Amino acid sequence: GKSGAAPVATLSATGAEGELFWLVDGVPQASRGAREVFRYAFDRPGSHRITVLDGAGRYDHRTVVIAQ
């Protein structure tokens, strides 16, 4: 990528049903269909928690670390 450009993650969920709700560090970012991807540009380095919830009430999360 370009020097200085924010790192971008392309995220998806398997086994999900209905609408997906994506949160980064506890803040809602987007809603997408279960088969759609979510792209997120991180605006700062460090540890970030990504959470996804589906229409059936299931959720999962992962922590990623963005290097400086």
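Which residues are linked with E17 and R58 in a network of salt bridges? Select E17, D54 and R58 together: these residues form that network. The model on screen is predicted, so read each stop below as a description of a prediction.

**Stop 1: the network**

Start with R58 and E17. Their side chains meet in a salt bridge, with 3.5 Å from N to O. R58 sits in the loop between β5 (46-53) and β6 (59-66), and E17 sits in the loop between β1 (8-11) and β2 (19-24). The two residues are 41 residues apart, and the pair links distant parts of the chain.

Is D54 buried or exposed? D54 has a relative accessibility of 8% and counts as buried, because the cut-off for buried is under 20% relative accessible area. R58 is partly exposed, at 39%. E17 is partly exposed too, with a relative accessible area of 46%.

As background, side chains of opposite charge can pair when their charged atoms come close.

**Stop 2: D25 and R44**

Next, select D25 and R44. Their side chains meet in a salt bridge at 3.2 Å, N to O. This pair also links distant parts of the chain: D25 is in the loop between β2 and β3 (27-33), while R44 is in the loop between β4 (38-41) and β5. They are 19 residues apart. D25 is partly exposed, with a relative accessible area of 35%, and R44 is partly exposed at 42%.

Stay on D25 and look at its backbone. What is the phi of D25 near? The angle is near 55 degrees, a positive value in a residue other than glycine. For comparison, most residues other than glycine have a negative phi.

The salt bridges visited so far belong to a total of 4 in the model.

**Stop 3: D43**

Select D43, in the loop between β4 and β5. D43 counts as exposed, at 65% relative accessibility, because the cut-off for exposed is over 50%. D43 and I66 are 23 residues apart along the chain, and their C-alpha atoms are separated by 9.6 Å.

**Stop 4: a nonpolar patch**

Switch to a surface view and select F21, L53 and Y59. Together they make a nonpolar surface patch of about 310 Å². Pick out Y59, which is found in strand β6. Y59 counts as exposed, with 59% relative accessibility.

**Stop 5: T51**

T51 is buried, with a relative accessible area of 15%. Which residues does T51 touch, not counting residues up to four places away in sequence? Show F21, W22, L23, D60 and H61: T51 touches each of these. One of them, F21, was selected at the previous stop as part of the nonpolar patch.

Technical notes. Residues are numbered from 1 along each chain as its sequence is written. This is a predicted model: local features need pLDDT of at least 70, side-chain atom pairs count only at pLDDT 80 or more; totals for chains, interfaces and linings use all residues. Side-chain values use heavy atoms; hydrogens and water are left out. Helices (H or I, at least four residues) and strands (E, at least two) are DSSP runs, numbered from the N terminus. Buried means under 20% relative accessible area, exposed over 50%, partly exposed in between (1.4 Å probe, protein chains only). Patches are made of residues with over 30% relative accessible area and no salt bridge: like charges are joined within 9 Å, nonpolar side chains (Val, Leu, Ile, Met, Phe, Trp, Tyr) within 5 Å. Accessible areas come from the Shrake-Rupley method with a 1.4 Å probe; for residues, only the protein chains shown count as cover. Contact means heavy atoms within 4.5 Å.
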